[in-house]
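Please examine the sequence and the model shown below before reading further. The paragraphs that follow lead from the whole chain to single residues.

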Amino acid sequence: MQRPLELKQQLAKIIRWQWIIENRLHFVRDTAFREDASKVHTEHGPENMATLRSFAITCLRAAGHHNIASSLALSPSDLSDW
């Protein structure tokens, strides 16, 4: 059985991890891609679009872009070094 202090520390770690996910992925999708304003609401559309947005964010970060919103404004020729 875990001690109360260890349990509190583990719970705090889980909560911090959830906020890291929220700030690095969901917030970016909501702001840069305006996900909350999406008109896609039927069948598997929302899940598919969320997957595509997450994939785009992952690709941009892998290419060294830290500001996703600014990166989305780049022209295709600016992204040719991928």
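The term pLDDT denotes the predictor's confidence in each residue, on a scale from 0 to 100. For the protein chain, the mean pLDDT is 81, and 88% of the residues reach 70 or more. Where pLDDT is low, the predicted coordinates should not be read in detail. This is a predicted model, in which local features need pLDDT of at least 70 and side-chain atom pairs count only at pLDDT 80 or more, while totals for chains, interfaces and linings use all residues. Residues are numbered from 1 along each chain as its sequence is written, and side-chain values use heavy atoms, with hydrogens and water left out.

The secondary structure of the protein chain consists of three helices and zero strands, in the pattern α-α-α along the sequence. Helices (H or I, at least four residues) and strands (E, at least two) are DSSP runs, numbered from the N terminus.

Helix α1 comprises 29 residues, 4–32; at 1.5 Å a residue it should span 42 Å, and its end C-alpha atoms are 41 Å apart, which agrees. The expected span is 1.5 Å times one less than the number of residues in the helix. At Glu22, α1 bends by about 40°; the bend is the angle between axes fitted to the seven residues ending at a residue and the seven starting there.

How does the chain continue after this helix? Helix α1 is followed by Arg34, whose phi is positive, near 50°. Arg34 is a residue other than glycine, and its place is in the loop between α1 and α2. With a relative accessible area of 58%, Arg34 is exposed. Here buried means under 20% relative accessible area, exposed over 50%, and partly exposed in between (1.4 Å probe, protein chains only). The loop between α1 and α2 also holds Glu43. Phi of Glu43 is near 50°, again a positive value in a residue other than glycine, and Glu43 counts as exposed at 75% relative accessibility.

Which residues does Leu25 touch, not counting residues up to four places away in sequence? Leu25, placed in helix α1, touches Ser54 and Ile57 under that condition. A contact means heavy atoms within 4.5 Å. Leu25 and Ser54 are 29 residues apart in sequence, and their C-alpha atoms are 7.2 Å apart in space. Leu25 counts as partly exposed because its relative accessibility is 25%.

Is Ser71 buried or exposed? Ser71, which lies in helix α3 (residues 68–72), is buried because its relative accessible area is 5%. Not counting residues up to four places away in sequence, Ser71 touches Leu60 and His65. The side chains of Ser71 and His65 make a polar contact at 3.1 Å. A polar contact is a pair of N or O atoms within 3.5 Å; within protein, one must be able to donate a hydrogen and the other to accept it, and residues adjacent in sequence count only if both atoms are side-chain atoms.

The chain may finally be considered as a whole. Buried residues make up 16% of its 82 residues. Among contacts between residues at least 6 apart in sequence, 38% join residues at least 24 apart. The accessible surface of the protein chain comes to about 6,800 Å², and 61% of this surface belongs to carbon and sulfur atoms.

Note on methods
Areas by Shrake-Rupley, 256 points an atom, 1.4 Å probe, with all protein chains shown as cover.
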